[in-house]
Amino acid sequence: MTGISSAERTPRWFGYRADVAFQVAMLLLVAAAIAVSVAFDPAPLQTVASVIAVAIFGTATVLALILGRFDTVWLLVVPVLDMIALIVLRQLPQDHVHAIGYLAILPALWLGWSGRAPFAALAVVLSVGLIELPGLSNTESLDLEHALRNLLVPSVVAIATTSTYLAVRLMRSIIRSLVSLEKRTAEALEQQQRASKLIDAIVDAVDTGVLAFDADGNQLLVNRRAKNHPLVVEAGVASLELEAEGFLYELDRVTPIPAGDGIIGRALQGEEFGDRIAWVGSPDNRQYAVSASARALFDAEGNFAGTVIAMNDVTSYLEIIAAKDDFVASVSHELRTPLAAIVGYLELIEDDEGDVPENVRKHLSVIDRNTQRLQRLITDLLATASEGDQDMKIERRPRDIRQLCEVVLEGFAKTARNSQVRLHLHAPDAAPAMVDEARMRQAIGNLVSNSIKFSPAGTVDVTVSAVDGSVVVSIADTGVGVPAGELEAIMSRFYRATTVREHFPGMGLGLSVSRAIIEAHDGSIDILSEDERGTTVTVTLPAQ
């Protein structure tokens, strides 16, 4: 019974619990009431009942001074003693002393304030003792005034006790809820802080620059990789300022990108993109290439709230690609000169029909076939090297794609015969389009060459048609086909399908070069294939 919860602990005044203030107020008011009563009539205080009441008050005060320094429930004995003392005074025969009984409201409030049901109930029970009993008071029988007093005084005390008790219970329940909420909030905040530190550590650990901005362009996050990039350190400005001051350039490294069309500018407009490459830094100084991706952030209502940008430094990668393309172009040009001489001398020998034995002519045919293959390979290598420029130079002129395909098939007629492949052209009508004839012959030639190569003793059908303002060229073969899982990769440079790697020579450049040429003409290329069932390549070009 001596325990007391933290929710029941009260503030302290001069080392005493605040509850003792009730006793201090009670003592002062009783003393004042007694003083006033003595001034008018000292007789009531000369009775045994008054002496007992004063003794009880004194005992209660001493207990309050002793127990008031401890958090103990025994302190509630004090208001109980006070109520008993007031009940005794209430029964004295002198009416003017009965008014002191009204002070019972103070110990009753104290007991209700304790929030303990047994003591609150005890206060309600003791309030009944405040009724003035006939015979003990100055009247032998109850009149209206005494009846009202006997009704109202105990009722007010009981109601005050009950109301206080209920209010305290509600208040303590609210306090417990608030304490629990505060604890949960503190735990959630601590957990959030740990998660935030973990995220910061992860973001700083990745080998990618990460930046985040709100909808107004204010920077919310920048990781160590982006903050410590040599370009930012050398320039001494933030990434957004680099873009705003015109330090962003296109892939040619000299054409400036307008601030609003830069990586961060587009991202702040809510645009999402991936692997956009730009050069950063003045052309007169060291430039860095970055590949950026952006994803938009949205609030609960779906409104644009910001963006997250991931940037990778791809300077070394692009420089290696450029060096490789330069090397390929240089080697290809060097090979072209001796190869042209070989082709020229072969043509001279073949023109001399009388002096070349038949067995030698067969060997010359093999040399001619492989020379043509080398020529196509060098052409493809040069086209691959120029592909890195991103701006393939084409000269468009009106040409009939049907006639262009006829020329291509005539050039492969001998190769097809040697491979026992039947070539068919299906083009009933003219199909005019604006194309670079040499480039388009190269593109379609690569596709026809692949079909012949991968369809030994098979059939290759080339179909040309004009459809809805476009020219469609379809090359269908009955060759080895391409596995379904490799169709997406088949047009990548140097990629060769698993079905042809072991049995057919090549470098995997033909489709890549053809796609680059066709896309430079604003066209498209699609491939349908089944393993061991053949392949159909469809080229669609705008007629105008």
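The legends below describe an overall view and several close-up views of one predicted protein model.

**Figure 1. Overall view of the predicted model.** Residues are numbered from 1 along each chain as its sequence is written. In this predicted model, local features need pLDDT of at least 70, side-chain atom pairs count only at pLDDT 80 or more, totals for chains, interfaces and linings use all residues, and side-chain values use heavy atoms, with hydrogens and water left out. The protein has 17 helices and 15 strands; helices (H or I, at least four residues) and strands (E, at least two) are DSSP runs, numbered from the N terminus. Of its 544 residues, 40% are buried (under 20% relative accessible area, with exposed over 50% and partly exposed in between; 1.4 Å probe, protein chains only). Among contacts (heavy atoms within 4.5 Å) between residues at least 6 apart in sequence, 64% join residues at least 24 apart.

**Figure 2. Spans annotated as transmembrane region.** The unreviewed UniProt entry places this feature at residues 20-40, 47-67, 73-89, 101-131 and 151-168; positions are given in the numbering used here, feature names are shortened, and annotations may be inferred rather than shown by experiment. Residues 47-67 are 95% helix and 0% strand, and the end C-alpha atoms of this span lie 30 Å apart. Residues 101-131 are 65% helix and 0% strand, with end C-alpha atoms 10 Å apart. Helix 5 covers residues 105-113, and its buried residues are Leu 106, Pro 107, Ala 108, Trp 110, Leu 111 and Gly 112. Gly 115, which follows helix 5, has a positive phi near 75°.

**Figure 3. Strand 3 and its partner strands.** All six residues of strand 3 (residues 209-214) are buried. On one side these are Gly 209, Leu 211 and Phe 213, and on the other Val 210, Ala 212 and Asp 214. Strand 3 runs antiparallel to strand 8 (residues 304-313), joined by six bridges; two strands pair if DSSP finds at least two bridges between them. Asp 214 has Gly 306 as its bridge partner in strand 8. Three bridges join strand 3 to strand 4 (residues 219-222), also antiparallel, and Leu 211 is paired with Val 222 there. Four residues separate strand 3 from strand 4 in a hairpin, where Gly 217 in the turn has a positive phi of about 90°.

**Figure 4. Surroundings of Ser 291.** Ser 291 is in strand 7 (residues 288-298). This serine counts as buried because its relative accessibility is 10%. Leaving aside neighbours within four places in sequence, the contacts of Ser 291 include Asp 275, Ile 277, Ala 310 and Val 314.

Figure 5. Ser 474 stands opposite Thr 538 in strand 15.

**Figure 6. Leu 404 in helix 14.** Leu 404 belongs to helix 14 (residues 401-411). With 4% relative accessibility, Leu 404 counts as buried. Not counting residues up to four places away in sequence, Leu 404 touches Glu 437, Met 440, Arg 441 and Ile 444. Leu 404 and Met 440 are 36 residues apart in sequence and 8.2 Å apart in space, C-alpha to C-alpha.
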